[in-house]
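Reader: I'd like to learn how to read salt bridges and cavities. Could you walk me through them?

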Amino acid sequence: MSTATTTHGHEDHGPTGIRRWLTTTNHKDIGTMYLVFSLLMFFVGGAMAMVIRAELFQPGLQLVDPGFFNQMTTMHALVMIFGAVMPAFVGLANWMVPLMVGAPDMALPRLNNWSFWILPFAFTLLLSTLFLPGGAPAGGWTMYPPLVLQTGNAFPFLIFSVHLMGISSIMGAINIIVTIMNMRAPGMTLLKMPLFVWTWLITAYLLILVMPVLAGAVTMLLTDKYFGTSFFLAAGGGDPVMFQHIFWFFGHPEVYIMILPAFGIISEIIPTFSRKPLFGYSSMVYATASIAFLSFIVWAHHMFTVGMPLAGQLFFMFATMLIAVPTGVKVFNWVATMWKGAMTFETPMLFALAFVFLFTIGGFSGLMLAIVPADVQYHDSYFVVAHFHYVLVPGAVFAIMAGVYYWLPKWTGYMYDEKMGKLHFWISAISVNLTFFPMHFVGLAGMPRRIPDYATQFADFNMIASVGAFVFGVSQLLFAWNIYKCARGGKKATAQVWEGAQGLEWTVPSPAPHHTFDTPPVVK
């Protein structure tokens with residue numbers, strides 16, 4: 001073991017200092033590294049968003065040239081998706097899945113170490129493109145040809161870093177599946193697992209299925225640029241729309257990879273602070289599985305304007321609307337869990353409530369985008385930007401913050417500063433709406449996305465959005481400071497830190513397993 005102490009509390013003379021972190025195979029250490037890395041990337045990606053919002057503060061071109069603006073939109077998305085949101089969820093899984101299923105560690109500890117340490121190298125490659133001749137890629141995070149093929153020396157760096165991220169994700173997913181399937185405590189059947197474990201099990205299968213699709217797509221881009229192939233080049237008989245089909249076959253399940261673990265976190269937090277078991281546990285499991293299945297057959301709703309046959313448009317429209325059903329089941333179950341519960345409003349619960357309300361707004365705008373004739377109007381406007389940011393910021397990011405506040409006392413043994421946590425929540429909740437809600441209006445009025453300039457009639461709403469974005473960005477320093485303070489020490493957390501009126505143990509809001517968390521099951 002490479003931890004400082006063994007499970008029996010005796011000193012273990014493993015490596016210390018930097019070597020401990022480089023060589024660790026302990027799931028808690030690796031979970032911590034994922035979370036710290038994710039927080040770092042959150043600020044890097046946030047700084048890029050600040051550049052975008054500063055440019056859009058008023059009409060005209062003032063701060064950056066249009067080429068650099070497009071590089072920022074591309075890099076912001078890649079860093080936030082692959083560097084902030086996904087590693088944060090993997091970090092939470094590393095920390096909590098073994099504890100929740102009663103396993104002593106992840107099933108493949110060395111693979112676990114490797115899948116983390118690939119990431120800093122992947123993002124060093126990606127961020128170094130900003131300093132290469134010709135600049136970073138500017139083809140959007142979707143990397144559409146022929147636009148992305150005009151990238152200069154940075155192009156192979158982009159492709160290689162995407163491959164590395166994919167390898168890391170696949171290895172992490174394999175590890176989670178093997179851990180959950182093979183290392184559950186005796187008596188813990190699948191339908192007794194906490195919902196966070198269920199959502200991660202389903203997410204891990206999604207990752208294994210879709211990451212190779214992305215790898216294939218970017219490899220074809222690479223050969224188109226350097227090896228004379230014409231997969232996506234019309235001049236050589238290729239089809240750029242084929243890239244969109246391949247990319248979105250990965251990209252749509254990817255969106256659910258970023259939200260299903262969030263559903264799991266919210267399903268742990270709401271029952272705890274409502275002092276009630278989760279309403280409709282098994283229907284939540286089936287709804288999660290349904291969402292995952294349906295996510296594979298809706299990809300072309302991102303492509304309603306490419307000239308699809310009518311039958312294709314109808315199929316993808318109806319399939320997309322169908323996803324609203326299992327999602328609605330989940331929202332209904334969360335609300336039913338809170339109904340007549342003895343609710344308290346600590347920081348994790350505030351973030352969870354904001355998640356339920358604001359994620360639903362993102363869901364409604366998604367239904368609007370699902371309707372083909374309407375989508376033809378909304379496509380590539382700021383309405384789409386508003387939609388997916390409502391799903392990913394008050395959705396995925398708020399869920400991550402809720403999970404961090406919820407589990408911090410368990411991880412550190414200390415309570416975080418509750419007043420500061422609530423301040424962080426209220427500033428974040430207000431500023432996030434100030435940032436993204438006006439985008440619905442400018443989008444419906446016709447403001448195109450990914451463009452650094454705009455007509456003067458959009459000036460007021462853009463100014464409001466930019467102010468909101470800067471307030472949101474700065475308020476995240478409170479979050480980082482609160483975590484740092486908590487990790488350094490403070491008020492001791494009790495064993496029943498979130499204990500409520502009915503003494504519901506905070507670690508297992510889902511059906512309780514037949515074991516304790518801290519002692520691995522004895523194998524006879």
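**Salt bridges and a cavity**

Author: Let's start with a pair: Asp417 and Lys485 join their side chains in a salt bridge, 3.1 Å from N to O. A salt bridge here is a side-chain nitrogen of Lys or Arg within 4 Å of a carboxyl oxygen of Asp or Glu. Keep in mind that this is a predicted model, where local features need pLDDT of at least 70 and side-chain atom pairs count only at pLDDT 80 or more, while totals for chains, interfaces and linings use all residues. Residues are numbered from 1 along each chain as its sequence is written, and side-chain values use heavy atoms, with hydrogens and water left out.

Reader: Which parts of the chain does the pair Asp417 and Lys485 tie together?

Author: Asp417 sits in the loop between helix 13 and helix 14, and Lys485 in helix 15, so the pair ties together parts 68 residues apart in sequence. Helices are DSSP runs (H or I, at least four residues), numbered from the N terminus.

Reader: How many salt bridges does a search of the whole structure find?

Author: The search turns up four. Another one is Asp380 with Arg449, whose closest N and O atoms are 3.8 Å apart. That pair links distant parts of the chain, 69 residues apart: Asp380 is in the loop between helix 12 (372–378) and helix 13 (382–412), and Arg449 in the loop between helix 14 (418–444) and helix 15 (459–488). Asp380, Arg449 and Arg450 are linked in a network of salt bridges.

Reader: Is Arg449 buried or exposed?

Author: First, the scale: buried means under 20% relative accessible area, exposed over 50%, and partly exposed in between (1.4 Å probe, protein chains only). Arg449 has 15%, so Arg449 is buried, whereas Asp380 is partly exposed at 34%. Now try Asp29 and Arg20, which meet in a salt bridge of 2.8 Å, N to O. Asp29 is buried at 6%, and Arg20 is partly exposed at 24%.

Reader: How much space lies in the largest cavity?

Author: A cavity is a set of points, on a 1 Å grid over the protein atoms alone, where a 1.4 Å probe fits but cannot get out; lining residues have an atom within 4 Å of a point. There is one cavity of 30 Å³ or more, and about 100 Å³ of space lies in the largest.

Reader: Which elements give two or more residues to the lining of the largest cavity?

Author: Those are helix 3 (66–101) and helix 5 (155–182). The lining residues include Tyr34, Phe82, Met165 and Gly172.

Notes
On a 1 Å grid over the protein atoms alone, a cavity is a set of points where a 1.4 Å probe fits but cannot get out, and a pocket is an open set with protein on both sides within 12 Å along at least five of seven lines; lining residues have an atom within 4 Å of a point. Grid points are joined across faces, edges and corners, and a volume is the space filled by probe spheres set on the points.
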